[in-house]
Amino acid sequence: MPHTARFWNKVDKSGACWLWTASARKGYGHFRVGARSKGSHRVSWELERGPIPEGLHVLHNCPGGDNRACVNPDHLWLGTNADNMADKVAKGRHTNQNTYKTHCKRGHEFTPENTHTTSEGWRYCRECKKLTNQQQRRSKNGK
Ligand SMILES: [Zn+2]
Ligand SMILES: [Zn+2]
């Protein structure tokens, strides 16, 4: 059986989210292509939308809340590593208010505009960063 047919055989398309019914790790479906095991949402993207550009992630955006097992290309989007982290942070904050602080240590709110997320997933406050930069500039000028 070609792997395309083998892939869709394992997908339950009865709902809005197309659910992966075969093996999964941490909620993400896995599919073997030759010797390699790939994320099934990535395989779905490749089958439906074409190759995934180097360095990009296939991320979920399911209307009813993210479903890692979902392989519906309409619920998937391509993002960078930073998008991936920012998305996780935003959704983490949405589902669990206590996991992420809403304000920095100086009391600035972590709004999307004021929050920078590094590629490692660390957040920092842009306001504070600005203040630190100003202080550094001042101390360099000796004032
Ligand atoms: Zn979905
Ligand atoms: Zn701050």
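His 30 stands opposite Gly 39 in strand E5; helices (H or I, at least four residues) and strands (E, at least two) are DSSP runs, numbered from the N terminus. The model is predicted, so local features need pLDDT of at least 70 and side-chain atom pairs count only at pLDDT 80 or more, while totals for chains, interfaces and linings use all residues. Residues are numbered from 1 along each chain as its sequence is written, and chains are lettered from A and ligands numbered from 1 in the order in which they are written.

The pair His 30 and Gly 39 belongs to a hairpin formed by E4 and E5. These two strands run antiparallel and are joined by 4 bridges; strands are said to pair if DSSP finds at least two bridges between them. The turn holds 2 residues, and Gly 34 within it has a positive phi of about 60°.

A second hairpin links E3 (residues 24-25) to E4, again with 2 residues between the strands. E3 and E4 pair in the antiparallel sense over 2 bridges, and Tyr 28 in E4 is the bridge partner of Arg 25. In this turn Lys 26 has a positive phi of about 50°. Together the strands make an open sheet of 3 strands in the order E3-E4-E5, with antiparallel pairing. E3 and E5 are its edge strands, each pairing on one side only.

Helix H2 packs on this sheet, touching E4 and E5, and its direction makes about 60° with that of E4. Here axes are lines fitted to C-alpha atoms, for helices over the stretch in contact, and angles run from 0 to 180 degrees between N-to-C directions. H2 spans residues 40-49, and its buried residues are Ser 40, His 41, Val 43, Ser 44 and Trp 45. A residue is buried if 20 or more other C-beta atoms lie within 10 Å of its own, exposed if 12 or fewer, and partly exposed in between, with C-beta atoms placed from the backbone. The buried residues of H2 pack against several elements, including helix H1 (3-9), strand E6 (57-60) and strand E7 (76-79). Just after H2, Gly 50 takes a positive phi of about 110°.

Elsewhere, His 108 lies in the loop between helix H3 (81-95) and strand E8 (115-117). His 108 counts as partly exposed because it has 16 C-beta neighbours inside 10 Å. Leaving aside neighbours within four places in sequence, His 108 is in contact (C-beta atoms, placed from the backbone, within 7 Å) with His 103, Asn 114, Cys 125, Glu 127 and Cys 128. The C-alpha atoms of His 108 and Cys 125 are separated by 7.4 Å, although these residues are 17 apart along the chain.

Terms used
Contact = placed C-beta atoms within 7 Å.
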